[in-house]
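User: I would like to learn how to read a protein model, one feature at a time. Could we go through this one together?

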Amino acid sequence: MELTQLRYFVQVAEAQSLSQASQVLHVSQPALSKTIHKLEEELNTPLFDRIGNRIFLNEKGKIFLTGAQKVLNHLYATTTIVTGLSEQNFGKLSIGVFVSHSLILEPLKLFAESNPKVQISINCQNELSENTDVSAFDMIICPDNGAAPQCNGIPILEEKMALFLPADHPLASRGSVRLHEIKEEPFILLNSTKRVYDATIRLCQQAGFMPHIRFTTTSTISQKQLIAEGMAIGFAPEGNVSEYLTDSRVKLVNIEDIIKSQTILMCCKKNAHLSEIAKSFRNFMFEYFDIPLNNEHLQTFETS
C-alpha cells in the first residue's frame with residue numbers, strides 16, 4: 001500500500017466523485033479509478049458503493065477513511081515541523097478556499113508581493129464538509145454555516161448575495177428592487193455548492209416566498225448566459241460579481257431589503273503545526289482584517 005493510494009482515496013471519499021477528485025489531484029479519471037480499484041483489491045473489499053456513474057462511501061470505506069486521514073495528518077504534521085525548522089523567509093503556504101476566491105485576492109496579493117520567495121498553493125474547492133481533510137491546509141477560508149464542525153475560526157468579513165436581471169428587464173432600469181417584486185419571476189439557481197443554493201432559497205424565504213426554480217446549473221457561465229437571454233433571473237455570491245458584469249446584457253440590481261449576509265471565517269492549524277511562513281501569513285491576515293493578535297483569538301484560530 002502506497003501513500004499515493006491513501007491520498008487519492010481520501011480525496012475521492014471527501015468529494016464522493018471521481019471527476020471532482022481527479023481535477024483537484026490533477027490526474028486523469030481513468031488513472032484515479034485504477035488506483036482506487038487496486039487499493040480495494042489489496043484490502044480485498046470494496047470501499048465504495050457504485051450506482052450508475054456515482055460512487056458512495058460504504059461502511060468499510062468510512063472506517064478506512066478515518067484511519068487513512070490519521071496517517072496522512074500525522075505525516076503532514078511531522079513534515080511541517082521538519083520543514084519549518086529549515087525555513088528562513090521562504091517556503092510553502094497552502095490555503096483552502098471554500099468561498100469566492102476573489103474575497104481574499106487583495107490580502108493574498110499584498111502578502112505575495114512582500115514575500116516573493118514563498119510558494120503559495122491556493123486550493124479552490126466547492127464544498128467544505130465534515131469529511132474534508134482540513135489538516136492538508138495551513139489556512140482555510142470558509143463560510144460559517146456549520147458544515148464542518150472540525151473547523152473553528154474567526155469571522156473576517158460578510159458576503160452578501162447579488163441579484164442579476166436581464167438588462168432589458170423592466171426592473172433593471174430602476175437599479176434596485178425589493179425581493180417581493182420578483183417573487184413571480186423564473187429563477188436560475190446555482191447548485192455548484194449546497195452553500196450557494198441554500199443561500200438563494202433562504203433569501204427568498206426571508207422575503208416571504210419560495211422561488212419559482214426554472215433552471216439549475218453548476219456553472220456561473222451558464223447562469224450568466226441564461227440571464228442574458230432573458231430566460232430567468234438569479235442570485236450569485238457577492239465575490240463573483242465581476243464574472244457577470246463582463247456581459248452588457250446582464251444587470252446587477254441592488255436589493256433594498258435588509259437581508260442577512262453570510263459570515264466568512266478564516267481557520268488555521270494549531271500553532272505547533274504551523275511553519276514559520278504560515279505563522280507569518282496568519283499574523284498578516286490578523287493585521288489586514290484588523291483582528292487583535294491576542295491569546296483568546298489564537299486559541300480559537302485553529303482547525304483541530
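This is a predicted model: local features need pLDDT of at least 70, side-chain atom pairs count only at pLDDT 80 or more; totals for chains, interfaces and linings use all residues.

User: How many helices and strands does the chain have?

Analyst: Helices (H or I, at least four residues) and strands (E, at least two) are DSSP runs, numbered from the N terminus. Here the chain has ten helices and 13 strands.

User: What share of the chain is buried?

Analyst: Buried means under 20% relative accessible area, exposed means over 50%, and partly exposed lies in between (1.4 Å probe, protein chains only). Of the 304 residues in the chain, 46% are buried.

User: Among contacts between residues at least 6 apart in sequence, what percentage join residues at least 24 apart?

Analyst: Contact means heavy atoms within 4.5 Å. Of the contacts you describe, 73% join residues at least 24 apart.

User: How do I describe two packed helices?

Analyst: Two packed helices are described by the angle between their axes and the distance between the axes. Axes are lines fitted to C-alpha atoms, for helices over the stretch in contact, and angles run from 0 to 180 degrees between N-to-C directions. Angles under 35 degrees count as roughly parallel, over 145 as roughly antiparallel, 65 to 115 as roughly perpendicular and the rest as oblique.

User: At what angle do helix 2 and helix 3 pack?

Analyst: Helix 2 (residues 18-25) packs on helix 3 (residues 29-43) at about 105°, and their axes are 9 Å apart. The two helices are therefore roughly perpendicular to each other. Helix 2 brings Leu18, Ser19, Ala21, Ser22 and Leu25 to the contact, and helix 3 brings Gln29, Leu32 and Ser33. Nonpolar residues are Ala, Val, Leu, Ile, Met, Phe, Trp, Tyr, Cys and Pro, charged ones are Asp, Glu, Lys and Arg, and the others, Gly among them, are polar. By that scheme, the contact of helix 2 with helix 3 has four nonpolar, four polar and no charged residues.

User: Is Ala21 buried or exposed?

Analyst: Ala21, in helix 2, is buried, with a relative accessible area of 0%. Leaving aside neighbours within four places in sequence, Ala21 is in contact with Gln11, Val12, Ala15 and Leu32. Gln11 is ten residues away along the chain, and the C-alpha atoms of Ala21 and Gln11 are separated by 5.7 Å.

User: Which residues join helix 1 and helix 3?

Analyst: Gln5, Tyr8, Phe9 and Val12 in helix 1 meet Leu32, Thr35, Ile36, Lys38, Leu39 and Glu42 in helix 3. By class, these are six nonpolar, two polar and two charged residues. Helix 1 (residues 3-15) and helix 3 pack at about 110°, with axes 10 Å apart, and are therefore roughly perpendicular to each other.

User: How are helix 5 and helix 9 placed?

Analyst: Helix 5 (residues 105-114) and helix 9 (residues 276-288) pack at about 130° with axes 11 Å apart. They are therefore oblique to each other.

User: What is a nonpolar core?

Analyst: A nonpolar core is a set of buried Ala, Val, Leu, Ile, Met, Phe, Trp, Tyr and Cys residues joined through side-chain atoms within 4.5 Å. The largest has 32 residues, and those with the most contacts inside it are Leu163, Phe164, Leu165, Ile182, Phe187 and Phe235. Elements that each supply at least two residues of this core include strand 7 (161-166), strand 9 (186-190) and helix 6 (194-206). A second, separate core has 24 residues, among them Ile104, Leu108, Phe111 and Val118.

User: Where is Thr200, and what does it touch?

Analyst: Thr200 is in helix 6 and is buried, with a relative accessible area of 2%. Apart from neighbours within four places in sequence, Thr200 is in contact with Met161, Leu189 and Phe235.

User: Which phi value does Asn44 have?

Analyst: Asn44 has a positive phi of about 60° although it is not a glycine. Asn44 lies in the loop between helix 3 and strand 1 (48-51) and counts as exposed at 72% relative accessibility.

How values were computed: Residues are numbered from 1 along each chain as its sequence is written. Side-chain values use heavy atoms; hydrogens and water are left out.
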